[in-house]
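This report describes one protein model, beginning with a single residue and then turning to the chain as a whole.

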Amino acid sequence: MKEKLGFDTTLIHGHLKDRSIGAVAQPIVPAVAYSFESHEAAAETVAGKREGIYYGRYGNATLQSFEERVALLENGEAALGVSSGMAAISTVLLSLLQHGNHVVVTKDVYGGTYHFLKTLAPRFGITFSFVDCTNLESLAAAIQANTKAVYIETPSNPLLTVLDIEGIATITRQHRIPLVIDNTFMSPYLQKPLNLGADIVIHSATKYLNGHGDVIAGVIVADQERIDFMRQQIMGDLGQVLSAGDASLLLRGMKTLGLRMERHCYNANAIAEFLEYHPQVARVYYPGLPSHPQYEIAQKQMRGMGGIVSFEIKGGLDAATAFLDALKLIMISFSLGDPETLVQHPATMTHFALPESVRRESGITDGLIRLSAGLEDVEDIIGDLFQAFDQLSIQTTRKRSETAWMK
Ligand SMILES: Cc1ncc(COP(=O)(O)O)c(C=O)c1O
């Protein structure tokens, strides 16, 4: 048998070491505390001299299996499972930055990350610069003497901006600062940032890793030393641990990650092509379309183009709202990466925390809609979009004729 198992085999079996009790499905170990055969063993475990779990706020046995599996899938040394994607983001940033430090952040960043930096970072004396990281020169110029990390998201939420990971990693290596990547939109099936030169990978495991919309979770992958520091010095003190029950749901959901991602990509691609030719759509954002500004980079570093499509509907806020309300199958929801196709309006929903001027500057217009392609039959998804556009035209025509007689 091959020494390194394939991706889908690893998703299902991990590294074959968890077979001691013979359970085919992952056992849930809800114990908070663990006992030791001697005082010496307990003291050494707490001091980190001996491997082991000692108290549930620092991890649990089921979570450990999840962490080992994600580390394998991302090709990293170790992983830390936490209670949400935001817990992963805050743990990483607080582990790298302290009073007087600075971080360079891509300007196309998830709304929660933006909010964390704007509201919490200043309270700890941490400064930040939001930079257009599609321009490597601007990125390099933004690095200061006290810059301790570069933080990016690719493809970004909600505009699917793709960043050149290898190009950015070359710059961060020259400056000896860690490169952190939020890989939520891709999952390790479609993109492996550590192989491309990143140092730390973050996921909102709430999304594709779990894939069933019933767990809030996050995970960080990095070298063992960094993960140990985050577990002991940050996550444990902030109390952001992930429960054994949630870790078991993640292990179950992840078994089908490869199959799901292929279907998400297939459906998203068909939807993007449909939208690109629709007369009521002004612009489509999908890295798989040759019209995408970073199409070449996406082809180079991503195995598939992902399940998220954003598009700008003609007619601004009124048209976007009427369109969303006209959908019958597709649901209006904040999340993504679920089996159900979900849509949301970034300007008033996920990116509501951004000031209007920042939203406009970054392209999050009132007509922008983000769609997370689900696993349904793609004809049904497109059929629903089609009928919602029809409803919109009927409403626009009706409005026009209602006011026409006034002239
Ligand atoms: C790209 C990205 N990163 C992080 C998060 C935060 O994840 P969570 O909701 O699990 O805290 C989200 C949530 O939507 C996201 O889209």
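## A buried arginine

In this predicted model, R69 has a relative accessibility of 5% and therefore counts as buried, since the cut-off for that class is under 20% relative accessible area. R69 belongs to helix α3, which covers residues 61-74.

## Overall architecture

The protein contains 15 helices and 12 strands. Along the principal axes, its C-alpha atoms fill a box of roughly 90 × 50 × 35 Å.

The radius of gyration of the protein is 23 Å; this agrees with the value near 22 Å that a compact globule would have with 407 residues.

## Burial and contacts

Of the 407 residues in the protein, 54% are buried, and R69 is one of the residues that count as buried.

## Surface and charge

The protein has an accessible surface of about 18400 Å². Carbon and sulfur atoms account for 53% of that surface.

The protein carries 34 positive and 44 negative charges. The mean position of the positive charges and that of the negative charges are 2 Å apart.

Terms used. Residues numbered from 1 in each chain as written. Predicted model: local features only at pLDDT ≥ 70, side-chain atom pairs only at ≥ 80, totals over all residues. Heavy atoms only, no water. Helix = DSSP H or I, 4+ residues; strand = E, 2+ residues; numbered from the N terminus. Rg over C-alpha atoms; globule rule 2.2 N^0.38 Å. Buried < 20%, exposed > 50% of the residue type's maximum accessible area, 1.4 Å probe, protein only. Areas by Shrake-Rupley, 256 points an atom, 1.4 Å probe, with all protein chains shown as cover. Lys, Arg positive; Asp, Glu negative; His and termini not counted. Charge placed at Lys NZ, Arg CZ, Asp CG, Glu CD.
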